[in-house]
Amino acid sequence: MKLSDFDFHLPEDLIATRPANPRSSARLLVAEGEAISDSHVFDLPNWLRPGDRLVLNDTRVIPARLSGRRHRDSAQGPVSAAIEATLLEPQADGSWTALIKPLKKVKPGEEIVFSDDLSAALDRVEDGQAYLQFNLSGEDFDAALEQAGAMPLPPYIAAKRPADEQDKTDYQTIWARNSGAVAAPTASLHFDDALMAALAERGVEFSHVTLHVGAGTFLPVKVEDVTTHKMHAEWGRVSQQAADEIRATKAAGGRVIPVGTTALRLIESAARSGQIAPWEGETDIFIYPGFQFHVTDALMTNFHLPKSTLLMLVSALMGQERMRSVYTHAIEQKYRFFSYGDSSLLIP
């Protein structure tokens, strides 16, 4: 399996920089059996059956992108320089790992001021990542970050426009509750209250799991033999309740349908024994063609980047040739791609 097997040409104008409004008005490509249908997300209840279960990732995206300044006394007097930081994840010692630009300009012990309330000192640098010790912790830190931080939009959106206040709503699911992600579970961004009510009325059931999506989700695959790629690790949890609900759905003949690749990777991590069980920890599961699925019956997901691990995942579920035809159709029909783009329902 070569990296080039997962490449395709995407016209630049199909990369979405804002979501559909309202959320559920986004388009929905439904690939079921050999058929491909063009629909909308608000039609999702028509494609699902009573007793189907949607698995939803309830992680909450933190406003992890910070702009600050470092201050230093030099031979020429006080100097100040702009610093950009993207928080990655909290550490056991209270520090945060972060990506800093320009990293070489900051020295250990040096303070970076992000706002009147929020500042951090560089503790150390390891493997290109900075470890920052902030002046605040707990709820005080959360409140100051909410004020000072911006949403960590994916690189392909950030290259076209800066994050703004609207993204604090747009780049968050309506059921987000456990803070810790630095990227959104984007398939879930299409859901609004009206759609949730319509799905419930249809007899569709819901389970919540938590996977804190990391910045590694955007890392390119750099090896030509994809089987040698090393996945980044992300923290997740499947509760006893969620595991019980998923098992009950399977036993009753309903379909388990994760919303998004993050929910899928988590429930499959929790089911490597063959049956889903409560699970908590770091997962670096890498799903590519040949993978054996134990719980997933179908998947709702957005359209992914060429040569990405997520394109490999959907190819594992549907087959490489099938996904090639799905993406060819999506491009011909001008579906909008990536995090703020349209969605698909993939039913093997």
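Me: Which strand is joined to strand β3 by 5 bridges, and in which sense do the two run?
Reply: In this predicted model, strand β3 covers residues 53-57 and its partner covers residues 205-211. Within this pair, Asn57 stands opposite Val209. The 5 bridges join β3 to a strand that runs parallel: β12.

Me: What is the strand order of the open sheet of 5 strands?
Reply: The pairing in this open sheet is mixed. Neighbouring strands are turned against each other by 25° on average, direction ignored. The order is β14-β3-β12-β13-β15.

Me: Which helix lies across β3, β12, β13 and β14?
Reply: The four strands named belong to the open sheet with the order β14-β3-β12-β13-β15. The helix across them spans residues 240-251 and runs at about 135° to β12. It is α6.

Me: Which residue in the turn of the β6 and β7 hairpin has a positive phi?
Reply: Strands β6 (residues 77-90) and β7 (residues 96-101) run antiparallel and are joined by 6 bridges. Leu87 stands opposite Ala98 in β7. The hairpin leaves 5 residues between the strands, and the residue with a phi of about 95° is Gly94.

Me: Which residue of β10 does Ala98 stand opposite?
Reply: β7 pairs with strand β10 (residues 129-134) in the antiparallel sense, over 3 bridges. In that pairing, Ala98 stands opposite Ala130.

Me: Is Thr283 buried or exposed?
Reply: Thr283 is found in strand β15. Beyond its neighbours within four places in sequence, Thr283 has contacts that include Leu211, His232, Ala233 and Glu234. The relative accessibility of Thr283 is 4%, and the cut-off for a buried residue is under 20%. Thr283 therefore counts as buried.

Me: Which side chain does the side chain of Thr283 join in a polar contact of 2.7 Å?
Reply: Arg265 and Ser269 are among the residues in contact with Thr283. The polar contact of 2.7 Å is formed between side chains, and the partner of Thr283 is Ser269.

Me: What radius of gyration does the chain have, beside that of a compact globule?
Reply: The C-alpha trace spans about 70 × 40 × 40 Å along its principal axes. Of the 348 residues, 52% count as buried. A compact globule with 348 residues would have a radius of gyration near 20 Å, and the chain agrees with this at 21 Å.

Definitions and conventions. Residues numbered from 1 in each chain as written. Predicted model: local features only at pLDDT ≥ 70, side-chain atom pairs only at ≥ 80, totals over all residues. Heavy atoms only, no water. Pairing = 2+ DSSP bridges. Axes fitted to C-alpha atoms, helices over the stretch in contact; angles between N-to-C directions. Contact = heavy atoms within 4.5 Å. Buried < 20%, exposed > 50% of the residue type's maximum accessible area, 1.4 Å probe, protein only. Polar contact = N/O pair within 3.5 Å; in protein donor to acceptor, adjacent residues only side chain to side chain. Rg over C-alpha atoms; globule rule 2.2 N^0.38 Å.
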